[in-house]
Amino acid sequence: MILHPMKLVTIICEALARSHVTALLDEVGAHGYTLFSVEGVGAQGSRVADIEEFANIQIEVVLTSEPALQLMTRLERDFFSRFAMIAYLSDIQVIRSQKF
Amino acid sequence: MILHPMKLVTIICEALARSHVTALLDEVGAHGYTLFSVEGVGAQGSRVADIEEFANIQIEVVLTSEPALQLMTRLERDFFSRFAMIAYLSDIQVIRSQKF
Amino acid sequence: MILHPMKLVTIICEALARSHVTALLDEVGAHGYTLFSVEGVGAQGSRVADIEEFANIQIEVVLTSEPALQLMTRLERDFFSRFAMIAYLSDIQVIRSQKF
């Protein structure tokens with residue numbers, strides 16, 4: 001088994017940002033992502049997961065370094081002023097890199 | 001874009017511990033967190049997410065090093081003997097540190 | 001408080017693989033795990049979380065290095081050709097290692 005060093009980008013944002021974020025994921029070349037609803041309490045107040053339009057979502061995407069940094073840069077530049085959003089990067093090791 | 005090294009604290013606990021944990025998050029200066037239901041199977045047996053009072057929750061909070069360690073210390077000292085709970089720390093890189 | 005370096009293994013797979021994966025978790029000596037539904041969009045197309053049999057699940061398990069690598073090896077060898085699945089490893093620090 002070979003482990004490939006990759007980056008996990010985690011994006012937590014208001015559900016309204018969803019289509020904008022997923023379009024950007026396509027743009028930077030992400031081959032897949034997971035998405036789930038979360039309750040989020042933050043600087044902009046509490047958001048409850050079961051009210052669809054006020055829900056927060058957590059999106060997780062596995063990328064190599066370059067597109068991961070490109071994604072982070074674009075999130076900050078294009079979305080941070082428009083949507084409630086945080087994003088962070090972590091180091092992971094993936095079994096098969098060709099899927100991403 | 002500047003990436004700030006931060007800590008992600010992940011807490012998995014019985015839903016009954018929720019208000020205790022979130023009060024502690026306030027106390028250590030967390031500016032926000034996310035929370036979602038999980039099915040947990042562990043040393044204390046299986047807990048099913050759709051039975052509210054037996055559900056487990058996963059709480060994720062981004063902090064700088066010092067409050068992250070303070071949170072871990074308090075979780076162990078005050079809650080580990082009272083609630084089914086695990087907690088772990090990971091290194092992340094965040095776009096904007098001023099939110100946390 | 002003592003922090004123990006451990007591995008977090010994250011497995012994202014079709015819900016159909018669930019019992020196979022959890023049996024393998026037992027086999028490698030995992031003492032517990034969490035599981036939640038996610039929407040997954042990947043190479044094999046979009047899967048929607050609320051259609052039970054097409055849902056994706058995300059399983060997270062904390063292990064020491066050796067069983068974590070053993071788990072990754074077995075996932076690749078036994079399941080990757082049969083199920084839609086990705087798996088990755090990350091470094092975490094856990095308060096109490098004896099639980100895992």
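Reader: Let's start with strand pairing. Which residue is the bridge partner of Leu8(C) in E5(C)?

Author: The general idea is that two strands pair if DSSP finds at least two bridges between them. Helices (H or I, at least four residues) and strands (E, at least two) are DSSP runs, numbered from the N terminus. Here, Leu8(C) has Ser90(C) as its bridge partner in E5(C). That bridge belongs to the pairing of E1(C) with E5(C), where 10 bridges join two strands that run antiparallel. Before we go on: this is a predicted model, where local features need pLDDT of at least 70, side-chain atom pairs count only at pLDDT 80 or more, and totals for chains, interfaces and linings use all residues. As for names, residues are numbered from 1 along each chain as its sequence is written, while chains are lettered from A and ligands numbered from 1 in the order in which they are written.

Reader: Fine. How many bridges join strand E5 of chain A to E5(C)?

Author: There are 2 bridges, and the strands run antiparallel. Across that pairing, Gln93(A) stands opposite Leu89(C). E5(C) pairs with chain B too: 2 bridges join E5(B) to E5(C), again antiparallel. There, Leu89(B) stands opposite Gln93(C).

Reader: And how many residues of E5(C) are buried?

Author: Burial is a neighbour count: a residue is buried if 20 or more other C-beta atoms lie within 10 Å of its own, exposed if 12 or fewer, and partly exposed in between, with C-beta atoms placed from the backbone. By that count, 9 of the 10 residues of E5(C) are buried, leaving the strand mostly covered.

Reader: Let me try one residue, then. Why does Val38(A) count as buried?

Author: Val38(A) counts as buried because it has 20 C-beta neighbours inside 10 Å. Val38(A) lies in strand E2 of chain A. In sequence it is 24 residues from Glu14(A), yet their C-alpha atoms are 9.7 Å apart in space.

Reader: Now the interfaces. How many residues of chain C are in contact with chain A?

Author: Contact means that the C-beta atoms of two residues, placed from the backbone, lie within 7 Å. On that basis, 20 residues of chain C are in contact with 16 residues of chain A. On the side of chain C that touches chain A, the elements giving two or more residues are E2, strand E4 (56-63), helix H2 (65-79) and strand E5 (85-94) of chain C. E2(C) supplies the largest share, 7 residues. By class, that side has 11 nonpolar, 7 polar and 2 charged residues. Ala, Val, Leu, Ile, Met, Phe, Trp, Tyr, Cys and Pro count as nonpolar, Asp, Glu, Lys and Arg as charged, and the others, Gly among them, as polar.

Reader: How many bridges join strand E2 of chain A to E2(C)?

Author: These antiparallel strands are joined by 3 bridges. Leu35(A), for one, has Glu39(C) as its bridge partner.

Reader: And how many residues of chain B are in contact with chain C?

Author: Here 20 residues of chain B are in contact with 16 residues of chain C. E2(B) gives the most to the side of chain B that touches chain C, with 7 residues.

Reader: Last one: what rotation superposes chain C on chain A?

Author: Copies are superposed by least squares on the C-alpha atoms of residues with pLDDT of at least 70 in both. A rotation of 120° with 0.0 Å of shift along its axis puts chain C on chain A (RMSD 0.0 Å). That is the relation of a three-fold axis. The copies use different surfaces: 10% of the contact residues of chain C recur in chain A.
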